[in-house]
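Dear colleague,

I am passing on the structure below, with notes on what was found in it. Please read the notes with the coordinates open beside you.

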Amino acid sequence: MKGSAKIGVWQLCCVLLLSRLLSTLTFSPVGAERINSSDYFPSVIFAAMMILLFSVPLILQKHYFPGKDIADVAYTVSPLLSKATGISYVLCFSFFTLVAVARLEMFVGTIVFPDSDSALFIILCIAAACYAATLGLEAIGRVGTISLVLFTGAFAFIMMAMADKVETVNLSPVFYDGVEPSLTAALDAATRTVELAFAAVLLPRANGKAGRAFAVCLLAFTCFAELILFFVFAGLGDFAQTQMFPVHAVAVLSEFSVFRRFDVLLTGVWILSAFIKISLLLYLQSEMLQKVFSRKWNKLYVLLAGLLILVIQVFLAGTVTDYYFTAGLAARAGLYIAFVVLVPSMVIAAALIKRKRGHQHAQSE
Amino acid sequence: MRKVSKMLFLVLLIVLLLSGCSTPGLELKNRLIVQAIGIDETQDGVRVTLQTLNTEMAGNPNSGADLGEVTRCLTVEGATVSEAISNAAKSEGKQPLISQNRLIVFGRETAKSGLYTHLDYFVRNASTRLTVPVAVSDTTAEELVSASLGENVLTADSITDILDGARYNTNIVSQALYEFVNQLSSELTDAFIPVLRMEEAGEENKISMYSVGVFQDDRMTYELSADDVTALMLLTDKAQSGYFSVDNEAYSAQTVLRIKKTGTKIQSKVQNGKILFNVQVKMTVDILETRSDTPFSLDKAYLLQTEALAQQRISEMIEAAVRRCFLEQNSDPFGFGQRFWKKYPAQFKSDVVHWRNALPTVEVKTQADVSVERVGNGVENL
Amino acid sequence: MWNWLKKEENRVTRSIPPDEPPTRVYAEIEKNILYMKEKLGASFDILYKQTYIGKNKAFLIMDDGMCDNLLVTQQVVGPIMEMRDIPDDPSEQMAYIRDRISSGIDQKENYSLDDAVTDVVSGLVILFIDGVPFCEAFGVQGFPKRAIDNAQTEVQERGAQEAFVESFKDNVALIRRRVRSPVARFELQELGATSKTRVCICYFADRTDRQMIDEVKSRLKKAKLDMVLGAGYLRPFLESDVTAIFTSVGTTERPDIACAEMAEGRAVILVDGTPFAMIVPYLFTENFQSMDDYNHRPYYALFIRVLKFFSFLISVFLPGLYVAVCTFHQEILPVSMLYDTAVQESITPLPVMAEAIFIHFLYEIVREAGLRMPKSVGHAVSIVGALVIGDTAVSAGLIAAPMLIVVAMTAISSFVVSKIYYPVSVLRFAFMIIGGLAGFYGIVLGFGVVLFNMCAVTAYGTPYVAPFAPMHLGALWRDSFWRLGWKTLGKRELQIHSLEK
């Protein structure tokens, strides 16, 4: 593994965007609060604003501690804090990996292989992700770039193939039940944006103008999510609300020539994106564990993280099949804000205070 | 580390290879390829009729042996649709593959007693094609699905061909599963699907579209006549092409018109506390045939009269259909409620609440704009 | 288990002896003769001639088969025997012969006896004079070699037809003839403890990254091999550190392609005895490009490249996808296709995965047999293969006809991208197995793993999947799946190192 390898900020952007778009694909009205279809459109804008708000610690980190990831920032306060931050991030990433694997398992078990035991598929996925994670950030970045192109292409094709089924009459009036449902959906979407935590670790490893890339990323996410939701609700109408994976249902609608469904295309990019996300998460866990323990055992860390996920998912799948499905929005939002917003905020604040004191001390001397 | 990874690789390989012994997939030869599903309610549950492809040939197809019938019909019963379909596996030893299903048919009595309970299986099953057409049989679904239309003729094929006729004929309606479910679950629009009838014509049977059944909640309550279906198609903006005729008394001629292009705009507004819909139909037609006892030239006056008569006919057709549905049946299969709800959500919330209650007071005004584009290759009628 | 395997391997192999320190040429001729005879042994093709030049004892050694006897007589032995007014001092004698007597340009002084031995077996004539602490080597090589022939593996419709041959000097000449500029550099290295194979690194001095050339040299130096009998022996030492599925070292048998690669800042490596040149760094997209693309109109190049890319996808994924679709995802097939496939598959005794593996394995056997056999027998093998697989197996109901179509399409497609035939044929089997075990899910995961493997490769600072990732729009626009016309393309030359991460 190339520990110090750097990637272009646009590559990082592609990987994070792909990871976020995967969460959009897995959007399920069953798990979210039930709201009218058109309320989802403003909710995406609200979600983008919330994401911007949640990324304040990240912006501060980039501004005051350029070239340092969150564990390094914590190290400026104390090595112990660095280790504690590292461990909290490892736990955080482990949880996100578990969520990603569970969601993938749910999709595969529901849509692709409804009659089969999914243990084999989880083993395959984690084994492949472990291998991919050991290849390092450069490989993940490059695969992310190519996959984002494939993702966009597949989506464009599916959208074109089902465009004749889009009817705006299917959409509900906006804010029919007030703004609250939109805000709820926005919070739901924003708290699925765990990529901010990824960026706190990966941003120092990216070359280029991070601010512009972040803005483009956010804009791309907003446009993409709006487009997906439009096709889902204008195409399927209220039928979308009855489906576990409405985005997949849209792909089932697409027809071209003698081919009566193109969900296979979507399934392909879905699995590929999930695989990349899981690989990235395993890589991130390894990176953080390297900061906490020895740098030597990077591949072992990946392996251990993968094994942990495998054991939990295979043996406890019955109770934790889908965390977001079982956990309410409040619990999810709390967890998200605690780990993705509060922990880095506190670390940065402590580091800034220590730096200021250091300056004052130096001036007085 | 290297050793550990090598050992893990070996373990993975063993897991993979061993799992290969119990591969979860079902090969094509073990699948029952379902082409049409007919559902009839019985006293104990449901009777499901499956039209399947006969893939087990009498001999090797490469040696020119007799291939036998292309399709087979299978009738199974169970407490629910899924149970009945899974019972097919018991008798056939093959797992039904419903992803290739091309038609879902319900018996008339089943449609009258409610469809929600039977649709859940299709909505929940990920392999269902959402665009599969749904129809009602004039008698039982079993009769329609198992109808023999001739040697090696797929009933599902014939029925889907008939329903595809909606592209050329405004008297034919085709509803996809997801559209039907959408309408069934909507409180503002009543669902409608075609009613098909099988008739005996000599040795072979014939299937044709009989009417369009309209549902209130999930029960089929009444049927639409041919003119009403045309109005329905125009009001839902699904009409693409079709034919209608107008009688011109001044020329004592009947003119058959072919719809080339049509579009409908519906605007809703509230006037003096009443809900009013303005329907604007814009249509381009060609004269297909003129029938008269006395020859006459197709002059400008005749064309203008034909256009005016066509406009009048369409307006009457729409208004009559709306009247019948709104006042006689207290039903809105046209989607007026949906439009009003979308445009005036606040008013809907405060004044309407239940669309069905508001139907008797709703006013619909139709304005048709028909222009004749071509008159064909003759300048006068013969 | 690994240790046991290593021990077993050690039992049947021996380690390559380390390089010994060179032995200097002695001033006493007898010692030199003894050393040379000891090293060269009693080989019949080594000729020794003892004579006197003036009063000094002299000794000539040559390899009969490696030298041109006429040249030896005309340029070395004849003039030495006939020379007059020779100085008495041995060193002056040697200088006199070198400067005034021998008419050849290819001459060098050897101070090491080991170098002298290598020179003898390389086809040079070595002259020792008693009292001189070095020997003179005269280049009079004349060994049998193959004439320049048409390209066999990279056949082109338009453009040059000649290909590299085994003699690396001829190969260098083929490149030189196309690039008559001093910027073309050809640096020599000798590899192989026993074979002493000459390896030539060719590059353009004005545009190639010097660091890259140094790295190539150092990597080649690290190649501790006893024998280097082909370019393939050196390939692993030039490849990226990641264990890659596709090689990051290109090969070509065409001098025009070698020149084009050098013009983009790459290094071309010629190995004596191999009619193929190696190219570093090499990108994945180059597998879909050929010299003909640049001789045809750009739109045709685009068409052909897209065609090749789809052929690549078909040759890797089609059998796996067919297995996955027939086993798991029957919903993908249109009804009519599904019906025909189901009817055909219903009569075969094997599961689809086993059927696919069996038929592809059979195809590979037939292909390999046809390739290695003499041409006349090869045709017979093809006919038997076609009859057995194509007709009898299907008629007997052993194999379904759609499967046969899949095999045919796969086989033909894989030949369209012949540069990566070998990894593709292995990958195909992997995808068949994974498609049968885990369906489309497994295939996508497998694709992901292959993609990761490709993306992890960075050869000499250039990512293997460039210009796609990292995305270089400029390079993509210029020459990737499509290429610009020569009016634009010719204005500037791509620099491979500009695609660095």
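This is a predicted model: local features need pLDDT of at least 70, side-chain atom pairs count only at pLDDT 80 or more; totals for chains, interfaces and linings use all residues.

Residues are numbered from 1 along each chain as its sequence is written, and chains are lettered from A and ligands numbered from 1 in the order in which they are written.

Chain B has twelve helices and 13 strands (DSSP runs, H or I of at least four residues for helices and E of at least two for strands, numbered from the N terminus). Of its 382 residues, 42% are buried, meaning that 20 or more other C-beta atoms, placed from the backbone, lie within 10 Å of the residue's own. Among the contacts in chain B with a separation of 6 or more, 70% join residues 24 or more positions apart, a contact being two residues whose C-beta atoms, placed from the backbone, lie within 7 Å.

Chain B is divided into domain 1 (28-224) and domain 2 (228-382), with bounds from an automatic or database domain assignment, and the domain centres, taken over C-alpha atoms, are separated by 33 Å. Domain 1 of chain B gives 18 residues to their contact and domain 2 of chain B gives 19; on the domain 1 side, strand 8 (204-216) and strand 9 (219-224) are the elements that give two or more residues.

Between chains C and A, the contact takes 27 residues from chain C and 30 residues from chain A, and helix 16 (residues 421-455) of chain C supplies the largest share of the chain C side, twelve residues.

Best regards

Definitions and conventions: A residue is buried if 20 or more other C-beta atoms lie within 10 Å of its own, exposed if 12 or fewer, and partly exposed in between; C-beta atoms are placed from the backbone.
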